[in-house]
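Subject: Structure handover

Hi,

Here is the structure I said I would pass on. Please load it first, then read my notes below.

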Amino acid sequence: MNHIYISSCGVAAMLLSQTALGQAVQPATPTSQVLWYDQPAGNWETEALPIGNGRLGAMLFGAAEKDTVQLNEDSLWLGDEKDTGMYQNLGEFEVALPRAKPVTNYRRELDIGRAVHTVTYTSDGVAFRREALTSYPDQVMVFRYTADQPGSYSGALTFKDGHDAKPVIAPDRLTTAGQLKNGLQYESQIWVMNDGGTLAATPTGIAFQNVNCLTLLVAAGTDYLNQRAKGWRTGEAPHRRVTEQLEQAGKRQYADLLAAHIKDYHALFGRCSLELGSSSDTNRQLSTAKRLTAYRGYVAKTSTETNYNGNSDVPNVAGAPDTELEVLLFQYARYLMISSSRNRLPANLQGLWNNNNNPPWRCDYHSDVNVQMNYWFVDQANLSECFSPLSEWLYSVIPVRRDATKAEFGTKRGWMTRSENGVFGGASYIWVPGDAAWVAQNIWDHYAFTQDKDYLQTRAYPIIKELCEFWEDSLKEGPGGKLVSPESVSPEHGPKAQGNSYEQQLVYDLFTNYIDASLALNVDAEYRQKITALRDRLLGPQIGKWGQLQEWMTDLDDPKEEHRHLSHLIAVHPGRQISPLTTPKFAEAAKVSMNARGDGATGWSRAWKICIWARLQDGNRTHKILNGMLKSQIMPNLFDTHPPFQIDGNFGYAAGVCEMLVQSHMGFIHLLPALPDAWPTGSVKGLRARGGFEVDMAWANGKLTSVTLRSLAGKTCQVRYGGKAVDLTMQPGTVIHLNGDLSRK
Ligand code: FUC
């Protein structure tokens, strides 16, 4: 079938980029924005590459003879209000492309500057090229196959639904609809478009012959709705919406879909850039997998950590410092966030990529660190739009949690959750009272960064206030009349006890955020006073017998304990109760505890260690842990592994990098609070600070050289660097330029 795409199959244009890519010369995009490989992916978890638009996602393998694409839609969830459920696999399509001759010049790459995945290779004298993207503006995935000689595509498309629903096969379309056992309806459609040649329906899929240029449009959806009052369903099968999305996208040229996608993506991604010095040309020319190996080889000279396969053998690669790879990992976290969290459900334990119907940890929203960590960096790294999925999800499940808490504990006000959470409000595993206050901290922080009053009024304030009421009812009098939390766990180890630091610190944080929130809205003065009085009576941090910050109310901490959870350090990060600048003794005790926990860890825990040491202002320590993270738990596709793959490590890494460069949790903007010797020269543009500020800065030889500060909300602020501080009064839109000594330019 001929169609609108004919005119956009520009062979000449394709040839140009083919030459550049086919010879594996340095790509035009900076190497800190490209992941590339000289082999197809074999393994989903470690090698395949993710694309997504915050709702739809795919993992791409890129083999020349068989393009395998595994699909996800972020609301394809089992479960209900009682059962947490788990996140499901939508399915997998395969484009079989049998070829006559061996493949040469193979390259697959993910350009995170444009959010486009490309595969190029030569076979039988024909240069082939594929591009794949997931468009947010058009809500479809686009897969585009071109070649430099006409009629080069012959093969077949098949689709395997994740729950074995059978596709309805038309000559140009595969439509697959099904229902999960909780009644959730879903549908996926693949529309095949050919320039030249023929298409035909077969018993198993769609066959194509002698096609010049093949385009696949993929749309998918479910009838999930994040509203309890409507039974968590839209009330309509997804067929109409999915069909419409496909029809709308099908009216447009590929070049237009591509341009709209890049424009939309770049509006978010392009807002923050980072440079930490140049890497060597040798490093730059390595594929990402080899580059990681080289990095490991370099780090291995100074550390003995095991890698993600659990062995400590590091290939004999002469590595060199590679700050561009460290930047790539930071920007990759931003790419993954934009691709997995926009206007729909929040990023789960694997973002939104999952090929398993019984996934590790349900691929859910764990609330005793993981979902919080996912969102720590989002506002800092100038991706505030990606935050609302978290607040909307939380807002949607609170009514269920409120009822469940009342049924279980007879509570009158507020709610609690258990560590495993789904999308219909069901939760499982241990009840952890502090978890809710912890998510509420993210909820507050989003306001602190954006100064969005409407959000504060409609989402943050009601959520925070209700939890204050819960704690008002739950706190008990403990030793010396201090208020302590009821008996609970410190995630996820040790005895059940009263007054665990986890809860004490989170309640302190919640009350502090409430006070600030009610002041910002100028409401509830009386209740604010009450909460202030309660906060003053809370049992505060305690220093134990070996100088450590106590995890429990009684001095129980074992100096040999290396557990991954760092729950008693929340006051340092992400909280604001302990800082070397305001509470130096507690900060010292925090260091003692952190030294005892060690620098190694599983996935996310190591990222948290970077954040905590950054808050303790030890730049070299943060970089050592960062080195260890890249060496031992970053896989060739740059996913972080716990093991298995958990995206919190990727996102937590980005939070750590932000904390090393700019901190703003103590009421002022602190520049370069934890700059390591390994980053003597660099620059960053577009980091955000609390109070609605955007920061650009540059440094050289370990010293700040220039700063540009933009105010979005017109607040006064204090900027600090080293021993210096300046107070600035700004209007919305004011831009101020400072020298390295903070004098005005
Ligand atoms: C928490 C952690 C585990 C794991 C799981 C998904 O329970 O303690 O390490 O990350 O979440």
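Where pLDDT is low, the predicted coordinates should not be read in detail.

This is a predicted model. The chain averages a pLDDT of 93, and 93% of the residues score at least 70. Residues 1–8 are another stretch with pLDDT below 50. Beyond near neighbours in sequence, residues 1–8 have 26 contacts in the model.

Now the sheet. It is open, with seven strands in the order β2-β3-β4-β5-β10-β15-β14. The pairing is antiparallel. Which strands stand at the edges? They are β2 (49–52) and β14 (198–201). Each has a single partner strand, so one side of each is left without a neighbour in the sheet. On average, neighbouring strands of this sheet are turned by 20° against each other, direction ignored.

Helix α6 (residues 323–340) packs on the sheet. It touches β2 and β3 (56–60). The direction of α6 makes about 45° with that of β2.

Next, the β14 end. β14 and β15 form a hairpin, with three residues between them. Four bridges join β14 to β15 (residues 205–211), and the two run antiparallel. Two partners to look up: Ala 200 is bridged to Ala 207 in β15, and Ala 201 to Ile 206 in β15.

Best wishes

How values were computed
Residues numbered from 1 in each chain as written. Predicted model: local features only at pLDDT ≥ 70, side-chain atom pairs only at ≥ 80, totals over all residues. Heavy atoms only, no water. Pairing = 2+ DSSP bridges. Axes fitted to C-alpha atoms, helices over the stretch in contact; angles between N-to-C directions. Contact = heavy atoms within 4.5 Å. pLDDT = per-residue confidence, 0-100.
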